[in-house]
Amino acid sequence: MYISNHGANIEYFAKKFNKKANEIIDFSSNINVFSPDIDYDAIFKHVKNNISKYPDINYNKLKESVSSIYNIDSSFIYVANGATEVLYDILSLDIFKNVGIFHPTFSEYERACNYFKKNAIELDINLFDNIDKIHFKTIKDNIFKNCELPDILIICNPNNPTGKIYKLEALLDFCKNNNIFLLVDETFIDFCYNDKYSLKRYISSYDNLIIINAITKFFAMTGARLGYCFCSSFEFIKLLNQVKKPWSVNILAESIAIELSKIDRNFYDSTKKYYTSEIERLYNKYIFLNNLDISLTNTCFFCIKFYNISVKKLQMDLLENKNMLVRVLDNYKNMDNNSIRIAIKDIENNDKIFLYIKKYLEDNINY
């Protein structure tokens with residue numbers, strides 16, 4: 001049985017607390033509160049007409065759709081059954097033996113390293129708080145001071161679970177000059193006005209750059225399981241295709257991608273406007289609460305560190321009394337384990353959880 005280190009484990013908590021899964025408000029899952037207006041009739045028709053056929057093993061039409069969504073050359077695109085499968089396919093390659101991972105971050109990076117028996121090099125992402133001021137020598141002397149240089153370096157931007165975003169041009173140049181692949185997970189980058197931080201514009205000119213994304217988070221299509229990476233290295237894409245499982249992406253995911261390539265660009269703007277505004281509103285509420293520190297985020301969730309209370313007890317209390325599930329961050333490296341991650345939902349539920357946390361602090365801390 002797979003033991004999950006992730007959020008969104010609704011069925012487990014519903015069973016544990018004798019609740020119905022659909023009654024629980026899932027603040028542990030970082031999914032867009034908006035859904036794109038796509039033609040589901042066209043999707044159902046496509047599935048009905050093609051369900052008895054194998055998908056195109058080369059996924060040409062699917063890659064064209066992803067190319068249209070992200071304005072990336074389709075020859076630079078690799079598709080798989082979710083971003084996590086893309087990651088596992090990448091780290092299965094023999095060319096990557098030493099893998100640098102910036103912590104705290106998404107646990108599957110290290111889990112994939114362990115699965116393929118790679119040498120995982122633990123690095124501290126907090127060193128990048130002033131990334132715009134870092135130069136080649138600073139990166140070598142500070143970040144890699146006590147360790148060897150990796151074959152591939154992984155960073156999540158904006159980072160999960162902290163929500164911080166980083167300017168990575170200096171790191172990209174450092175990796176290029178030291179023959180290191182840079183893998184950037186941009187799964188959470190589209191929720192706010194983060195265009196200047198995305199490295200997509202460098203794909204054509206840096207063949208050592210790999211960017212991962214998916215329809216999971218921003219398009220709120222978690223169940224469809226479609227992820228992809230972008231890289232302009234022909235040799236790298238060729239190696240990936242050699243390890244790829246045949247037909248790993250199904251007809252449903254393909255048909256959804258085709259429809260997503262047609263959506264109105266207003267969906268992007270309305271999402272960015274909402275999250276940018278809601279982040280500011282919520283941050284200005286939480287910062288006035290005592291006994292916690294909240295990080296200003298650049299995506300669809302907040303990371304909050306608490307003092308003088310147990311976050312595990314807070315999690316259980318929220319679930320038992322308010323049917324709200326938050327993510328406890330007790331299994332992340334380089335992070336205080338008395339922290340939680342709260343997804344940003346609709347305004348009504350955002351206010352409900354804020355007021356409950358405020359009251360919980362007032363009731364459980366003796367000043």
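## Helix packing and local backbone features

In this predicted model, helix α10 passes helix α12 in a right-handed crossing, a crossing being right-handed if the near helix is turned clockwise from the far one by less than a right angle, and left-handed if anticlockwise. The contact, defined as heavy atoms within 4.5 Å, is made on the α10 side by Tyr-274, Glu-278, Arg-281, Leu-282, Lys-285 and Tyr-286, and on the α12 side by Ile-347, Asn-350, Asp-351, Ile-353, Phe-354 and Ile-357. Sorted by class, the contact of α10 with α12 has 7 nonpolar, 1 polar and 4 charged residues, where Ala, Val, Leu, Ile, Met, Phe, Trp, Tyr, Cys and Pro count as nonpolar, Asp, Glu, Lys and Arg as charged, and the others, Gly among them, as polar.

Two packed helices are described by the angle between their axes and the distance between the axes. For α10 (residues 266-286) and α12 (residues 347-364), the angle is about 15° and the axes are 11 Å apart; the axes are lines fitted to C-alpha atoms over the stretch in contact, with angles running from 0 to 180 degrees between N-to-C directions. The two helices α10 and α12 are therefore roughly parallel to each other, a description that applies to angles under 35 degrees.

Residues are numbered from 1 along each chain as its sequence is written. Local features need pLDDT of at least 70, side-chain atom pairs count only at pLDDT 80 or more, totals for chains, interfaces and linings use all residues, and side-chain values use heavy atoms, with hydrogens and water left out.

| Cis peptide bond | Omega | Loop holding the proline |
|---|---|---|
| His-103 to Pro-104 | near 0° | between β3 (98-103) and α5 (108-115) |
| Asn-160 to Pro-161 | near 25° | between β5 (152-156) and α7 (169-177) |

Positive phi values also occur at asparagines. Asn-308, which is not a glycine, has a positive phi of about 70° and lies in the loop between β10 (301-306) and α11 (311-322); Asn-308 is exposed, with a relative accessible area of 61%. Asn-334 has a positive phi of about 60° in the loop between β12 (327-328) and β13 (339-343), and at 41% relative accessibility Asn-334 counts as partly exposed. Here buried means under 20% relative accessible area, exposed over 50%, and partly exposed in between, with a 1.4 Å probe and protein chains only.

Helix α7 is followed by Asn-179, whose phi is positive, near 55°, while the buried residues of α7 are Ala-170, Leu-171, Leu-172, Phe-174 and Cys-175.

Notes
Helix = DSSP H or I, 4+ residues; strand = E, 2+ residues; numbered from the N terminus. Parallel < 35°, antiparallel > 145°, perpendicular 65-115°, else oblique.
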